[in-house]
Amino acid sequence: MKEIFLGRILPLFLLLQCGELKAQGVTGTVINEFSGRTLSGVSIKISGTGMENFTDVNGVFVLSEDLSEGEYILTFSKNGFFDKYYPVKIFSEFIDLGIIALRPDLPEMQQQLAVISLEEHELVEEDGSSANISGLLQASRDVFLNAAAYDFSPTFFRPRGYDSEYSKVYINGVEMNKFFTGRPLWSNWGGLNDVQRNQEFTYGTAVSESSFGSPAGTTNIIMRASQYPNGGKFSYAAANRSYTGRVMGSYHSGLLPSGWAYSLSLSTRFGREGYVEGSSYDASSLFTSVEKKVNDAHSINFSAIYTPVSVGKSSPVSEEVAALKGQKYNSYWGWDKGEIRNSRIREVQEPLLMLNHTWSINDDLKINSNVAYQFGKIGNSRIDYGGSRVYYDAGGEEILIGGGSNPDPAYYQNLPSYHLRNTYAPDYRSAFLAEQDFRKNGQLKWNDLYLANQTSLMAGGNAIYALYEDRNDDRQISGNSSFRYQWNPQVVLSGGVAYRQLSSENFASVLDLFGAVNFLDVDSFSSGSEAQNDLQNPNRLVTENDKFKYNYFLDAKNGNGFIQAEFNLKRLEFYMAAQGSGTSFQRRGIFQNGNFPNNSLGESELLNFGNYGAKSGLTYKMTGRHYFTANLAHFTRPPGLRNSFSNVRQNNDAVIGLKNENVFTADAGYNIRTPFLTGRLTGFYGEFRDITEVSFFYADGITGSARDVSNAFVQEILTGIGKKHVGIEFGFEVPLNSTLKLRSAGTFGDYTFHKNPEVYLTSDDFPEVRQMGRSSLKNYHLSGGPQQALQAGFEYRDPAYWWISASANFFSKAFIDVAPLTRTRNFYTDVDGLPLVGYDEKVASQLLRQEEFPNYMLINMVGGKSWRLKNRFVGVFGSLNNILDTVYKTGGYEQSRNVNYSLLKADMEREQPLFGSKYWFGTGTTYYAHVYYRF
């Protein structure tokens, strides 16, 4: 009670008593209530003016603007601390508030530690479509976003259903989204939790100081040495989800009297095997930053980030495989020399160097300029089983012989269902033997790969099997400059310009030949000149570390700018913003592919895109406790680089009819802040048009102009995709007393295709482009996590600094990713365009019905305790997720193997389809434990 009285009640009382003092401005010093250390970067906002200032490196703030006489509320806020509100009356003299103490929000900080750590395995996946967690954590005082970040995220839940390519992430103002996918790759700065505390997060398209904004939100991570208070921290964590252990340490000098500041953070995360079998984890992280405050106007900061990570992937599984081996099964690994070895390793090594300049021209105008250089590699390994040997017949004609069987233990020909495929004469004996072998020996047999290569070597041949990785070696330079200008107490102008340029070399590289000497760089599924991956070097023998299969560069450039105006009146705040950009893509082929000799070597056409955008929004304050918000945005964006070329590994062909994406979003909400209820209710709408997607798969039953080719490995190109997102979201918190709160949050969304896209196929097995017409996707649900979620929970915070919370989370309306090609005319017509014999519309409707995953509920608990030892702290934190060990599906997809009615019907009538849908399952009961020492 004494601390509460001195830190909160007494200052308020004194201010109210001195409210009649005449002042021109306000000053004071902000400190950490626990440690007594000054806090830099604390935001001080003045109600009704739109003015915002920040404490300097000594925790001091000065509000000396020409304020009109009257009553104001000062709001002090900083990430990781509770907000504090001070009422003041402004007249003609200066007010010194003295010391203002902010109390650390320790549970929030610990939850950030836990959630980011637990989700990192998903964050390094190639898709990463649901990863936008860290930004949501910075808005954790919003009850819904707190639930979405912590309790909903393990289900691959996406707020409003928006993919992470519709979010923007910046570090010190420099954009981190990748050109290739449009998404941020969080592993580029993973493991640096302690130095990512200073974040500016904007949900949706509301006002952002970093950029124009994006529908899924904008995050700017401030990683400047002067922004960290003096001190250090050491921590250890143990978990059973992605990694099993993590060691982390950091130290910050604070701003020294010399004007210098430095910061250092190191961590390592490791795990022989995570929750999923064979999913290894090995990562290290380094961050260093040095800043020099030249004078009161100029500051220069240099930062370096290096976070190499190597993660063993997990495979999707069919219902048959899950029934035989369980939901933790992973077909990508096996035992090699007594050690677990995963064939699908994802490695990310992309150091980032950054230079930042801050220029405070005066109290009203600030300019930030930044330049960054990122380089390194991303590699994804897999096994090639197409090794061949060149022979010549008596006439000197070249013949390719060789190639091994697919080594994946869950390959359909290795499963019991394969031996039961003949409905009239099933081979039960072989099916039984296959089942017993799969149950007992259902992992990758590394020894068989060595044996096959040794046998081929003894016969004078080359490697049959090779481990290789698909590589992206990127070099990117980025630069930007932004400003913020307080025009007058009611108007703030901000804006900026930015430029990025990427050169990305893409190739396959040999990693391991399993005891062989060479691997023949040809396509074993083709013959003659078409088999050559590089006609300039025919029948080339490659060895470890050589580039083979394909090699090309992707060049991308983007320049953009935005301007924004914010208006702050007594009851109304509103803003307007506009942006413009130009983007170009080009492919440069290094190999001359035998299937595309005239269209694979050299430069492609230059793809240019011009884009624009506008947004606006308002906040209307009925009272200080009730207010309404609304936001509107419309903009265009270029297609992702990976969806701009139809077969980028083999040729220069751009997607036919490629367009800019067209985006419109809107939201409106009611917010309440009272002593007995805090929260909001928001409705949202999002419409996305002219989206392009490129997919790759092997298909049976293709019709088209070439009747002799009905089975092929194809590139499926969808253009003109339309998506619609509609729903409501809410989060409310009820404090029963000073220590106990009840919470409820949820969303009810409906995310669907609202337009039928055009589909065409390309392949190296047929020369023509096959136009498949429209795919009837309209009204099918979008995949990607549950569309409806509901939470009920509580949180107890004891005055002795221990706390515990628990929640029950219910999820529904999650759907499988449907196969577009089976929804085209190819499904029901023959090569002449006539209906297939025996086609039944009712049966077809059942075959094409979208699978909805069963509803499920997850129970989570989290708690912690901290101790103050003079000016040092010790803390522990622990969490349990999915306490009831619920089995649930987080995602899945229909296989596109059987693409016509007859084939799909025959397969689905089997007890176990050969090409049934594949799924990812959520983790069962998992834990996370964390202990730290802060000094």
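This tour moves through salt bridges, aromatic pairs, charges over rings and a nonpolar surface patch.

The model is predicted, so local features need pLDDT of at least 70 and side-chain atom pairs count only at pLDDT 80 or more, while totals for chains, interfaces and linings use all residues. Residues are numbered from 1 along each chain as its sequence is written, and side-chain values use heavy atoms, with hydrogens and water left out.

Select Arg-160 and Glu-729, whose side chains meet in a salt bridge at 2.9 Å, N to O (a side-chain nitrogen of Lys or Arg within 4 Å of a carboxyl oxygen of Asp or Glu). This pair links distant parts of the chain, with Arg-160 in the loop between α4 (143–152) and β8 (168–171) and Glu-729 in strand β37 (residues 711–735), 569 residues apart; helices (H or I, at least four residues) and strands (E, at least two) are DSSP runs numbered from the N terminus. Both Arg-160 and Glu-729 are buried, where buried means under 20% relative accessible area, exposed over 50% and partly exposed in between (1.4 Å probe, protein chains only).

Next, select Lys-547 and Glu-505, a salt bridge in which the closest N and O atoms are 2.7 Å apart. Here Lys-547 belongs to strand β30 (residues 547–568) and Glu-505 to strand β27 (residues 491–512), 42 residues apart. Lys-547 is partly exposed, with a relative accessible area of 31%, whereas Glu-505 is buried at 13%.

For the aromatic side chains, the structure holds 43 aromatic pairs (ring centres of Phe, Tyr and Trp, the last by its six-membered ring, within 6.5 Å; planes under 30 degrees apart are stacked, over 60 edge-to-face and the rest tilted). Select Phe-212 and Phe-635, an edge-to-face pair at 6.3 Å centre to centre with 75 degrees between the planes; both residues are buried.

Finally, show the surface around Met-857, a residue of strand β43 (residues 856–869) that is partly exposed, with a relative accessible area of 38%. Met-857 contributes to a nonpolar surface patch of about 900 Å², whose members include Leu-681, Phe-748 and Tyr-927. Patches are made of residues with over 30% relative accessible area and no salt bridge, like charges being joined within 9 Å and nonpolar side chains (Val, Leu, Ile, Met, Phe, Trp, Tyr) within 5 Å; accessible areas come from the Shrake-Rupley method with a 1.4 Å probe, and for residues only the protein chains shown count as cover.
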